[in-house]
Amino acid sequence: PPLHRQRHQFVIDFVKRNKPKKVVDLGCSECSLLQKLKFHREIELLVGVDIDGANIKKRCMHGLAPMSTDYLQPSYDQLRIELYQGSVTQEDARLRGFDLVTSIELIEHLTLADVKRFSEVVFGYMTPVAVIVSTPNSEFNPLFPRPAGFRHSDHKFEWTRAEFKSWALKVCLEYGYEVEFTGVGQAPPGQQERVGFCSQIGVFHWLGGRQECNMLFGDDAEDVFSYTLLYSINY
Ligand code: SAM
């Protein structure tokens with residue numbers, strides 16, 4: 001299957017195993033991952049955030065609205081979907097305390113200063129139980145039959161495995177997470193070890209556990225709401 005499908009399947013497999021109730025997809029673009037996740041009965045709140053609100057309005061809303069047949073599925077009683085226009089460099093109190101945050105091919109679109117903000121906001125402020133981050137692995141690039149350079153003109157960087165690892169381990173140390181490294185998109189036989197996966201993935205788990213995570217929300221004196229709600233629906 002194409003790489004974007006493999007990345008989404010990776011998230012779906014994680015959801016099947018871990019059964020998160022509240023999931024937010026950062027940089028949700030045309031909401032294709034949210035589309036797939038809405039069929040997972042354990043999820044009660046499914047949120048998408050993208051800086052490009054026009055794209056959300058144009059590409060997402062119709063597809064996420066329930067079809068009449070959806071109501072035939074009793075599992076849907078609980079599902080709520082919300083879409084926000086907002087930047088991952090800004091805090092919003094409505095995104096705190098989730099079970100899973102996904103960031104699929106997003107960070108490489110940020111400047112390094114904004115990646116630092118992203119780390120503070122996601123790991124330091126939102127404090128989800130788990131985070132899945134995927135980003136291109138630049139060591140794989142020489143296998144592409146095309147000129148050297150980034151895979152997309154909007155990419156601000158593409159990291160080697162060592163660069164990704166160094167960012168991820170720093171985040172873990174600062175915010176109390178542990179991380180496993182993996183990826184999707186296999187290299188040809190014999191080259192996997194040398195170049196790694198086409199998309200590298202870090203799966204982060206909060207070391208504090210759910211209980212303490214909720215306790216953090218005692219001091220809610222100054223809740224910030226910087227995102228704009230574009231769409232919400234209760235199934
Ligand atoms: N996650 C999508 C998927 O798996 O199909 C693909 C993501 S696309 C390559 C990158 C997305 O990040 C774009 O939709 C872009 O608008 C969004 N984006 C870029 N900077 C952002 C920011 N600061 N905050 C939120 N979204 C941002």
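α5 (112–126) and α6 (161–175) each put at least two residues into the lining of the second largest pocket. Helices here are DSSP runs of H or I with at least four residues, strands are E runs of at least two, and both are numbered from the N terminus. As for "pocket", picture a 1 Å grid over the protein atoms alone: a pocket is an open set of points where a 1.4 Å probe fits, with protein on both sides within 12 Å along at least five of seven lines, and lining residues have an atom within 4 Å of a point.

About 180 Å³ of space lies in this second largest pocket, where a volume is the space filled by probe spheres set on the points, joined across faces, edges and corners. Its lining includes Leu-112, Trp-159, Trp-167 and Tyr-175. By type, the lining splits into six nonpolar, one polar and four charged residues. For that count, Ala, Val, Leu, Ile, Met, Phe, Trp, Tyr, Cys and Pro are nonpolar, Asp, Glu, Lys and Arg are charged, and the others, Gly among them, are polar.

## What you're looking at

This is a predicted model, so to speak of local features takes pLDDT of at least 70, and side-chain atom pairs count only at pLDDT 80 or more, while totals for chains, interfaces and linings use all residues. Residues are numbered from 1 along each chain as its sequence is written, and side-chain values use heavy atoms, with hydrogens and water left out.

## The largest pocket

The largest pocket holds about 830 Å³ of space. Of its 36 lining residues, Gly-27, Ser-29, Ile-104, Glu-105 and His-109 are the closest to its centre. The lining comes out as 14 nonpolar, 11 polar and 11 charged residues.

## The ligand

The ligand sits in the largest pocket, meaning that more than half of its atoms lie within 2 Å of the pocket's grid points. Around the ligand are 15 residues (a heavy atom within 4 Å), and they divide into five nonpolar, seven polar and three charged.

Now for the polar contacts (pairs of N or O atoms within 3.5 Å). Oxygen atoms of the ligand lie 2.8 Å from a polar side-chain atom of His-8 and 2.6 Å from a side-chain N or O atom of Asp-50. With Ser-87, a polar side-chain atom is 3.0 Å from a ligand nitrogen. The protein covers 81% of the 610 Å² of accessible area (Shrake-Rupley, 1.4 Å probe) that the ligand has on its own.

Methods:
Polar contact = N/O pair within 3.5 Å; in protein donor to acceptor, adjacent residues only side chain to side chain.
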